[in-house]
Protein chains: 2
Amino acid sequence: MTEPLPSRLPLGFRMAAVDAGIAAGDRLDLLLIVADEACSASCVFTRNRVVASPVALSRSHLERSGGQVRAILVNAGNANACTGEEGDLAAQREADLVAEALGCPVEQVLIFSTGVIGSRFPIEKVEAALPGLLLELDAERSPEERVQRAAAAIMTTDTRPKIARHLLGKDEDGPQILGIAKGSGMIHPDMATMLGFILSDAQPSLLLQGLLQAAVQESFHRITVDGDTSTNDAVLLWVSGKAEEEEEVLFLEGLDETCLSLAKQIAGDGEGATKLIEVRVSKALMPTHAVTVAKTIAQSLLVKTAVHGEDPNWGRILAAAGRAGAPLDTRKIRVGIGEVCLYEEDHPLPENEEAAKRHLQGSEVLLWVELGTGEVSASCWTCDLSEDYIKINAEYRT
Amino acid sequence: MTEPLPSRLPLGFRMAAVDAGIAAGDRLDLLLIVADEACSASCVFTRNRVVASPVALSRSHLERSGGQVRAILVNAGNANACTGEEGDLAAQREADLVAEALGCPVEQVLIFSTGVIGSRFPIEKVEAALPGLLLELDAERSPEERVQRAAAAIMTTDTRPKIARHLLGKDEDGPQILGIAKGSGMIHPDMATMLGFILSDAQPSLLLQGLLQAAVQESFHRITVDGDTSTNDAVLLWVSGKAEEEEEVLFLEGLDETCLSLAKQIAGDGEGATKLIEVRVSKALMPTHAVTVAKTIAQSLLVKTAVHGEDPNWGRILAAAGRAGAPLDTRKIRVGIGEVCLYEEDHPLPENEEAAKRHLQGSEVLLWVELGTGEVSASCWTCDLSEDYIKINAEYRT
């Protein structure tokens, strides 16, 4: 899942990251991305009913600007969520500061935050860091380094930066899609589920919101780490159109691939994860059936711990499939791990358990179920559940 | 939550447990409960679409016998689930053997199994153990010891037997309700979720199914350990009517209390649990809102790990409440732990965190949320999530 680092940024964008001292320790925690001029963006936000101040602000700014965005400011270390009116004022102040520095209308600035919920947001640290951050935009750094720093600056409990890139043209000089993301805890489908920023210098002819919704549906909404959903999460698609035009179909495919790559990187880097798990459900009657069963299996703690223990415990997969609520044919259902089938025609196949066990020893695991009711397939991704997940989350704040 | 052991069994029932060698190790694993004559029973079964052979058999027996039950046979160590036709035949053979020994119609015998899914059921061990089990029915043992042994024989990863008793009359001589249960892993609402056997020598005038459904709804369906649901689980209510008549209202209350006690014992003994957690949601507009929010919080891994770490992380409680989907008023919502409030009027109350931290150090923890939309309350119960949960489930079968 390692992606080649870009040798140039998408045309029309600059990005810079600094250590503003918001997140604990010596690390980058404040990211600014600036478009040369305001250009089209669309954003999918968390569906949590409790939303952080920056989410409320960015939603309203996007509406007021008609989806025209000049800059985004993102911090790690503090979510600015459940911080009351003071939090709202802090997010507003951040946008004001950026807008003033760039000389653009304030509604063209979006704010994103991730980190601890309910701690006062240290707006004075953003104020102090902003001049350096603006200078850093033009500092001498390679595009590779810029993207690495940007992806690192938005991490929370992630163990590695998440970057995906897709070339839309024939070579490095053509239009591209570049995405960075952060995830780890509080990752769950049906929500925007994390921070993702996807930039492109192409100019898709279809509405951005439709494109993004479709891509998110099959990627970020198909991953789960712990079933929790943050108050802050968002995926942004932002296009400058500065590169030469490409066919629509290529943009769609590239966007899908970029989102899926980022989503899988997030699932594989779930808190405490040692393995990326794909749950593939096929022979379903309807797409919703396949997705429901795949998600239920992907969310089963018993399945996730069995994978962690490298135990080919197909009974837990079957039990999870059974409680998903989607129709299945108990006589036709087949369950397998990797290349082998472990249960079919209402009978276990214990002779295949050794092969399944070997497959589980790898770092990428496939669990599959055939429902036997139709011809539709869908996959979800998750990670194993380890003692480290508990350690990370029992100690995260204290 | 320790219940006084009964000084006598409900009139009209005998029970016996032996070590049949089905579960690993030196332990009781086969339980027989016999009514002096067939009497009324009702059962709530798992809603999983994949059901074990004994569940299919017992469901059909209850239907054929019109809810008249003479005996139940329960084993731990093997779920007889996903074992195909051979499993069906084994469950049928168990019922045949018991019916033959007691001289009753086979449909008056119910079979329950719990343990590993997908392993061949060792019917020959049941056959070999049955004569001793029948003798054991009349062996000299105190009622206390009988109930202890019965509750121990159905345990899987439980760390302690679960027993609840309620006196319906004025003293020990009056009618009573006696319940035993097993739980631990695969505990989740919306399903029968575990094995529970509730016996009474009272004779309620209302339909058993209605009484049991109502009691289960507010007890077993309000607990969650890991969100998984077994293929086998069932709660049985079985009444002999051998004691003198009591008023209906007392039976209902007693049944509710017995079910709630067993459910809380199960939640508090969840796999790897160190604390019993009550999630109480109040000031909701509708009962379903309160239950939905309470369940979502109770199922949040981030909440459960924070409690394990004794971290008063109210932000995670609020985030879980927000994603539950029930209406809430973000300006009126209040969140607290134990006696103190940690968030109200859109503001954290950090001065109360010390008191919350002290409360979290206890073995019974209360998390509460006021939604601010109405006047309805509901509670759910769960346990903290510890490294031991992972260890138990990563190693359970291997």
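Modeller: In chain B, six strands make an open sheet in the order S12-S11-S10-S13-S9-S14, with mixed pairing. One caveat: this is a predicted model, where local features need pLDDT of at least 70, side-chain atom pairs count only at pLDDT 80 or more, and totals for chains, interfaces and linings use all residues. Residues are numbered from 1 along each chain as its sequence is written, with chains lettered from A and ligands numbered from 1 in the order in which they are written.

Colleague: What makes S12 and S14 of chain B edge strands?

Modeller: Each of S12 and S14 (376-383) of chain B pairs on one side only.

Colleague: How do you know that S9 and S13 of chain B pair?

Modeller: DSSP has to find at least two bridges, and strand S9 (276-284) and strand S13 (364-370) of chain B share seven, in the parallel sense. One example is Ile277(B), whose bridge partner in S13(B) is Val365(B).

Colleague: What makes you say that H10 of chain B packs on the sheet?

Modeller: Contact means C-beta atoms, placed from the backbone, within 7 Å. Helix H10 (353-360) of chain B touches S10 (334-337), S11 (340-344) and S13 of that chain. Its direction makes about 125° with that of S11(B); axes are lines fitted to C-alpha atoms, for helices over the stretch in contact, and angles run from 0 to 180 degrees between N-to-C directions.

Colleague: Over in chain A, how do you know that S11 and S12 pair?

Modeller: Two bridges join S11 (340-344) of chain A to S12(A), and the strands run antiparallel. Glu344(A) stands opposite His347(A) in S12(A).

Colleague: Why are four residues of H5(B) called buried, and which side are they on?

Modeller: Buried takes 20 or more other C-beta atoms within 10 Å of a residue's own (exposed is 12 or fewer, partly exposed in between; C-beta atoms are placed from the backbone). In helix H5 (208-217) of chain B, Leu211(B), Leu212(B), Ala215(B) and Val216(B) are the buried ones. They span an arc of only 120° around the axis, so they sit on the same side of H5(B). That arc is taken over the directions from the helix axis to the C-beta atoms.

Colleague: What makes up the contact between the chains?

Modeller: Chain B brings 52 residues and chain A brings 52 residues. On the side of chain B that touches chain A, H9(B) gives the most, with eight residues.

Technical notes. Two residues are in contact if their C-beta atoms, placed from the backbone, lie within 7 Å.
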